[in-house]
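Q: I am new to this model and would like to learn how to read its features one at a time. Could you begin with the pairing of charged side chains?

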Amino acid sequence: MKVLIVEDNKIALMGIKKVLSEYPNIEITTAENGLVALEFLALNPSELPHLILLDLNMPIMNGIEFLQEIKRNESLRTLPVIIHTTSFNSSELKKCEDLGICGYFVKELDMVKYKSNIKLIADYWTESKRP
């Protein structure tokens, strides 16, 4: 399973990658903001991810702007996206839901809960049946 992690925080990225390294069937690609992620998707149309784990608060192109762009693109609009962000904001959640996200997780400060959330996402997506 291919996962694209769009995350600008190097420490958060290290934590996510460490948890996902326990899943040998997960192939990780990373992008430090939405623009880099869009460029990756455009350059690799035959290598689209099965899941995008998306931070919202990033420089250059934030997560909501990225979501808006992929939902405008016929070949990208069905990619499943899960938000993984530092804070809960109900208006951001509403925008993301309107754009068709598959889930919204707040990054936990407690490492046990943080890892548990990443494992929950990984377990669900590695076990779910999809084309």
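A: A salt bridge is a side-chain nitrogen of Lys or Arg within 4 Å of a carboxyl oxygen of Asp or Glu. Side chains of opposite charge can pair when their charged atoms come close. The model here is predicted, so local features need pLDDT of at least 70 and side-chain atom pairs count only at pLDDT 80 or more, while totals for chains, interfaces and linings use all residues. Residues are numbered from 1 along each chain as its sequence is written, and side-chain values use heavy atoms, with hydrogens and water left out.

Q: How many salt bridges does a search of the whole structure find, and which side chain meets Lys107 at 2.6 Å, N to O?

A: The search of the whole structure gives seven salt bridges. In one of them the side chain of Lys107 meets that of Glu7, at 2.6 Å from N to O. Helices (H or I, at least four residues) and strands (E, at least two) are DSSP runs, numbered from the N terminus. Because Lys107 lies in the loop between β5 and α5 while Glu7 lies in the loop between β1 (2-6) and α1, this pair ties together parts that are 100 residues apart in sequence.

Q: Are Lys107 and Glu7 buried or exposed?

A: Buried means under 20% relative accessible area, exposed over 50%, and partly exposed in between, with a 1.4 Å probe and protein chains only. Lys107 has a relative accessible area of 11% and is buried, and Glu7, at 3%, counts as buried as well.

Q: With which other residue does Lys107 form a salt bridge?

A: Lys107 also forms a salt bridge with Asp55, where the closest N and O atoms are 3.6 Å apart. That pair links distant parts of the chain, since Asp55 sits in the loop between β3 (51-54) and α3 (63-72) and Lys107 in the loop between β5 and α5, 52 residues apart. Through shared partners, the salt bridges join Glu7, Asp55 and Lys107 into one network. Asp55, at 3% relative accessibility, counts as buried.

Q: Which side chain meets Glu22 in a salt bridge?

A: The partner of Glu22 is Lys119, at 3.0 Å from N to O. Glu22 lies in the loop between α1 and β2 (27-31) and Lys119 in helix α5, so the pair ties together parts that are 97 residues apart in sequence. Glu22 is partly exposed, at 48% relative accessible area, and Lys119 is partly exposed too, at 32%.

Q: How many aromatic pairs are counted?

A: A pair of aromatic rings is described by the distance of the centres and the angle of the planes. Rings of Phe, Tyr and Trp (its six-membered ring) pair if their centres lie within 6.5 Å, and planes under 30 degrees apart count as stacked, over 60 as edge-to-face and the rest as tilted. By this rule there are two aromatic pairs. One of them, Phe88 with Tyr104, is edge-to-face, with 6.0 Å from centre to centre and 85 degrees between the planes. Phe88 is in the loop between β4 (81-85) and α4 (90-98) and Tyr104 is in strand β5 (residues 103-106), so the pair ties together parts 16 residues apart in sequence. Phe88 counts as exposed at 52% relative accessibility, whereas Tyr104 counts as buried at 17%. The rings of Tyr124 and Trp125 have centres 5.4 Å apart and planes at 85 degrees, so that pair is edge-to-face. Tyr124, at 53% relative accessibility, counts as exposed, whereas Trp125, with a relative accessible area of 10%, is buried.

Q: How many disulfides are there?

A: A disulfide is a pair of cysteine sulfur atoms within 2.5 Å, and by this rule the count is zero. The sulfur of Cys96 has its closest cysteine sulfur in Cys102, 12 Å away, which is too far for a bond. Cys96 is buried, with a relative accessible area of 0%, whereas Cys102 is partly exposed, at 45%.
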